[in-house]
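The following exercises concern a structure to be examined step by step. Each task is followed by a worked solution.

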Amino acid sequence: MPELANQADLAHVHLLLNHFPTIGTILGLGLLLLAFIRKNDHLKKVSLEVMFLIALATVPVYVSGQAAAEALKGQSGVSMDAITAHNDAALGSFIMMEITGFFAWLALWRIRRIGRPTTGLTYTVLVLSVLTVAAVARAANMGGDIRHPEIEGGQYSGLFGQAAASGGFISAAAIKDFVLQHPWVWPTCETLHFIGMSLMFGVLMIVNLRLVGWLRGMSFASVHRLLPFGLMGFGINFITGMFFFIAASEQYTQNVAFHYKVVLLMLAGVNYLVLTVYDEAWALPASADAPLPGKLLGASALVLAVGVMYFGRMLPFIGNAF
Amino acid sequence: MLTSLEQSAFSTWLLSSNSIWAYPTVLTLHTFGMMVLVGAALMIDLRLLGFGRGIPLQSMDRLFRVMWVAFALNAVTGTMLFVADASKRAPSLIFWTKLAFVAVGLVMAVMIRRRNFESGAEPVVISGAAKRLAIVSLLAWSAAITAGRLLAYVA
Amino acid sequence: MPLTLTVALIVLAVIVIVAIVGYWIDEAEEPLERGERTTDDRHHRV
């Protein structure tokens, strides 16, 4: 399997991609606020799409951050405490980001179904976005403390202190300990990972086989109604996947199969967004065939999902896991 | 007999071949089959329980074919996996528990098909009996996956 | 508690949670009968 990135590349990827959750969330929040001020429903929808895509992009940010930490281990002038503090703050903000992304998706799903944004969900996303921006800003500031000697002594450097003192509510080390000390956690996560995968693929099958035209006699709008279950299946796998990753990151960060899995996951996420908001598909009544772009969308959704499963299953064989 | 299965040429090929085309492929196909089989079953179960109510029940009929093809794949790959590890799997309670749950899931699928799809008519209201079958199916497949995963941890 | 039982109970709990959340999301949804969108409604889309 051709290597996508070595450890130094991954550290670089982290420095590149972290701009999504940092600058991206501020822009997304700004757009959403502007949409409220201007009472513009179209702009609200766009802001929600932006927030969802940023939440998606934050996944490789977190995992590459872990690789960056490993790359810096033992280097002089780098404090492991600063890295740990940043990692923990980032984990908390990552969770906030993904919760925001989930609600942004839900809001988009409802907009598709009823034709306009709902007040409750849009305000929820607004509040979550504010909290996420705050959490990410804190994490990002702590990231700056790792290896920017030029800012040392400035008013905003070292602002949040080290992990324990900074009042962080989550600790990667604590999660890792929890997994390693309780023998039921890993098998439970694996089982849920398979169930989540089946739920997600079931929804993908019914929606995309309809798009492709193999399943007939139902409107696209009717299968669209099942999309939240697909996202919940993914949600289960995201949460259990994070347990695996935090508990045993060394099995994943340098694993080429894992790299491919994350890339395909990102593409699958974009595909899922399109399925959720796609106008031409939404208009399809029970009897109609989807236009060619719709069929391609459907086919690609299934191929991507199988690819994600493939690389996940091949983690111990292609890569160096276990 | 079990050890002779394990030591057979097939089993040795499956386990010790360095080719990417042996054990990992069989395992991946088995995982794929599971995802398709359980995924399709869950969709039918969800519909019977009232989710996605805009979907005409009869339009989901083709999903049963998907289930049977996926099951066939898993029966074949599952047998291969069993043969490679026969002396460990054959006396394993959790292994037979898994197969029992798979059997329940399949029986549920047959019953659901017979009672709700075979007539070809779209039901006005989904019966309580159909909902109960759906719940049993959902739980059986989840239990099968659970038992299957626990194979690696429990005797 | 034996491993098998712990795993089974948590799996069951997750299934129940997914069912509840799924039901809650679905019930908040407008009935399809009132709003099956056709191309006529597309000028309402945001």
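A nonpolar core is a set of buried Ala, Val, Leu, Ile, Met, Phe, Trp, Tyr and Cys residues joined through C-beta atoms within 7 Å. The model under study is predicted.

**Exercise 1.** Determine which residues touch the most other members of the largest nonpolar core, and where this core lies.

*Solution.* Step 1: the largest nonpolar core holds 142 residues, and A:Ala104 and B:Ala40 touch the most other members. Step 2: the most residues, 18, are given to this core by helix α4 (residues 80-114) of chain A. Step 3: because domain 1 (1-170) and domain 2 (171-322) of chain A both give residues to this core, it lies between them. Step 4: neighbours within four places in sequence being set aside, the contacts of B:Ala40 are A:Gly202, A:Met205, B:Leu63, B:Val66 and B:Met67.

**Exercise 2.** Describe the contact between the chains from the side of chain A.

*Solution.* Step 1: chain A brings 29 residues to the contact and chain B brings 28 residues. Step 2: on the side of chain A that touches chain B, at least two residues each come from α7 (185-212), α8 (220-224) and α12 (292-313) of chain A. Step 3: α7(A) supplies the largest share of that side, 12 residues. Step 4: by type, the residues of that side are 19 nonpolar, six polar and four charged.

**Exercise 3.** Classify B:Thr25 as buried, partly exposed or exposed.

*Solution.* Step 1: B:Thr25 belongs to helix α3 (residues 23-48) of chain B. Step 2: 16 other C-beta atoms lie within 10 Å, so B:Thr25 is partly exposed; a buried residue would need 20 or more, and an exposed one 12 or fewer. Step 3: B:Thr25 and B:Thr77, 52 residues apart in sequence, are 9.4 Å apart in space, C-alpha to C-alpha.

Definitions and conventions. Residues numbered from 1 in each chain as written. Chains lettered and ligands numbered in written order. Predicted model: local features only at pLDDT ≥ 70, side-chain atom pairs only at ≥ 80, totals over all residues. Contact = placed C-beta atoms within 7 Å. Helix = DSSP H or I, 4+ residues; strand = E, 2+ residues; numbered from the N terminus. Nonpolar A, V, L, I, M, F, W, Y, C, P; charged D, E, K, R; others polar. Domains from an automatic or database assignment.
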